[in-house]
Amino acid sequence: MPKGPSRETENRDRPDCRARRAGGRWARLLGICCGLAATPGFAGTEHAHHHDHDQPHIHEEIIVYGRAQHHIGAATSASEGVVGYADYHLPPLLRVGELVEAVPGMIATQHSGTGKANQYFLRGFNLDHGTDFAVHLDGVPVNMRSHGHGQGYLDLNFVIPELVQTAVYRKGVHHAENGDFSSAGSVDFSYYRRLPEPFLQATWGEHGYVRGIAAGSADIGDGVLTGAVDKTLYNGPWELDEDLAQSKFFLGYGFWLGPAEAQIALHGYTGQWNATDQIPRRAVRAGLVRRTGYIDPDLGGDTRRLGLVARVEADRWQAGMYRLDYDFTLYSNFTYLLDDPVLGDEFEQRDDRTQSGLWVAAERNVWFGALPVLLRWGVEGRRDDIHEVGLFGTQARTRTHVRRHDRVDEASVGAYGELGVHATERIRAVLGLRADYYDWDVAALGHDDHAAGDDSIASPKISVAFRILDGLEAYANWGYGFHSNDVRLRPVEDDTLSARRSDDLLAASEGAELGLRFEPHSSFNATLVGFEVRLDSELVYVGDAGTTEPSDASVRRGVEVAGFWHARDWLTVNAAFTHSDAELETGDAVAGAVGVTGSLGVNALLGRGVHVSMNARYLGDAPLSNDGSVRSEASWLAHAGFGWHYRRADFGLEVFNLFDSAGDDIAYYYHSRLAGEPSHGVLDTHFHPLEPRTARLRVAVHL
């Protein structure tokens, strides 16, 4: 991590981060932990701006926790905020997808190989790989539409964690700038524009874990060049070696265009892995396999992506465009011998696409009679040119037959506007409206079958904030949102493309929140939120098919509490708790909808260059069957990290699954068939265990 000391503050545009100054024996460690005082500033809302001009110099280091930022008087809900800085740079990270766990109430698990997208949980949603949770990186959407493995596929493996500076999170459907896949929430990650200092870092761990990263920034011409290369190898604790090989790079050049800051960036990623997918509980109980064992040895996949991004940002407007070349192949087998007792049920999911898009956003102050009004608006366009998306029967990764093989062209345009009004000194209101239009074309490859269509949706929103006291604010929020469905998944009686209809491409959601935000002073903040979310169509993961499919309408109601406490100059604590109920409109349970989640994180700076970090999360049980009679088991998981900074070097020891919990990372309930079992299969729980306790040693040198 880039954690070395620095001698500059952030610029005048940075909001009050409630930083704790430290001196003497704390100074070096604090500079290491925050590792950002020399970076351009970050505004803790969606209007972040960065300037390098006229930065004052001081001779003290500061540490900044994103969670410490206060939002009374600026936020439009109790369920939005900022994480980043030390929030990311101190806690241990087992997998890249766990970056989202800095969002209060968010949990990331895995049911397959490390190279595959994580499984996400938030507010009673089993989000599969991203069905109703949207993520952007520097303005570029990460979720994939009509993806070969599942709608909204959200793979964060290409992200380099050390480059992540901050993340703005929002929950619910009442933010007009959030469109597709954001009914449960969203996160906008931002990379550092300038790293505090160049560094080399190497990590070694059990089960063949090796990772190396080199990164830094340099002044080139009139701009700043930032680059990073990252390589990871990992066998994993499974009986079948994972043979994970990931390579990443980032190269960005930032410069000034008059009053605006511009950046051109290139991202690259390749990943290959073998997978130990979920296995049937009965096979473990019978002694056929161990908890870390496998049924099919030929599972796994590979992903490749290359992206180019250009952005321009000024005080009151921003614009950007991007192009992504993406390739994905995944081999899975969840039912073994159920459908084909001779060749087996292994299958390949394929996705090869080019994705491009652009966005423009701006704001200005206007007057509505005697009231000052903040007008915000934005337009975004996106096209997914999917050259090939398919599903194939395979044996030992060799294709045996074609199940689906299509070419898809899916395009969309979305526009939004918001009016922010200070009705009185204590009352603020935001009225928003978003409109989206989708157009799609699907052609079956290999035979004459074709379909096309379009769909549109309007999403009104309203938010009201009332400042009860200087340190206490209340919020009421309501709005509509949506998620798109896979354009290939609209079957009717005649299951051909030409017989499929497009009227349900965009599935609406409606949500409401009541919340309180308590910020009595700079070292403590807490939020309490009651929420309800209704979906016109639930996107559910079908375990025996390995994909997501639309289901019945659903409703979720719940409450969540989150807090951050800077208890001492050397100690911080953060915690979150969510309780929710979910059901389909039929009265059935929503399979995989976890009712209770919780998390706790502690960071301690002990002096003499030493810091300790620990975080724990609780994932409650969930119904696995529609009648709720079969449920998953609750699980606890804790990670701990110890770090020491000495001169220009950092040393770290991280222990994952500290208490060696034997719980499940994920579980499903469906039919499968092993050798010798009845032809109709056996209805059973299929699970993927938590990774056993493992340790990693990290060494970094700051140049």
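User: What share of the contacts in the protein chain with a separation of 6 or more comes from residues 24 or more positions apart?
Analyst: Keep in mind that this is a predicted model. A contact here means heavy atoms within 4.5 Å. Taking the contacts with a separation of 6 or more, the part from residues 24 or more positions apart is 67%.

User: How many helices and strands does the protein chain have?
Analyst: Let's take the secondary structure by type. The helices number three, and the strands come to 37.

User: What percentage of the residues in the protein chain is buried?
Analyst: To count as buried, a residue needs under 20% relative accessible area. Out of 703 residues in the chain, the buried part is 61%.

User: Why does the ring pair of Y88 and F189 count as tilted?
Analyst: The structure has 15 aromatic pairs, to start with. For Y88 and F189, the ring centres are 6.3 Å apart and the planes meet at 45°, so this pair is tilted. Planes under 30 degrees apart would be stacked and over 60 edge-to-face, with the rest tilted. The angle that settles it is 45°.

User: How many residues apart are Y88 and F189?
Analyst: Y88 is in helix α2 (residues 86-89), while F189 belongs to strand β10 (residues 185-191). Both Y88 and F189 are buried. Their pair links distant parts of the chain, and the gap is 101 residues.

User: Which ring does the charged end of R305 sit over?
Analyst: Over at R556, the charged end sits above the ring of F125, 3.8 Å from its centre. For R305, the distance to the ring centre is 3.8 Å, and the ring belongs to F158.

Key. Residues numbered from 1 in each chain as written. Predicted model: local features only at pLDDT ≥ 70, side-chain atom pairs only at ≥ 80, totals over all residues. Heavy atoms only, no water. Phe/Tyr/Trp six-rings, centres within 6.5 Å; stacked < 30°, edge-to-face > 60°. Helix = DSSP H or I, 4+ residues; strand = E, 2+ residues; numbered from the N terminus. Buried < 20%, exposed > 50% of the residue type's maximum accessible area, 1.4 Å probe, protein only. Lys NZ or Arg CZ within 6 Å of the ring centre and 35° of its normal.
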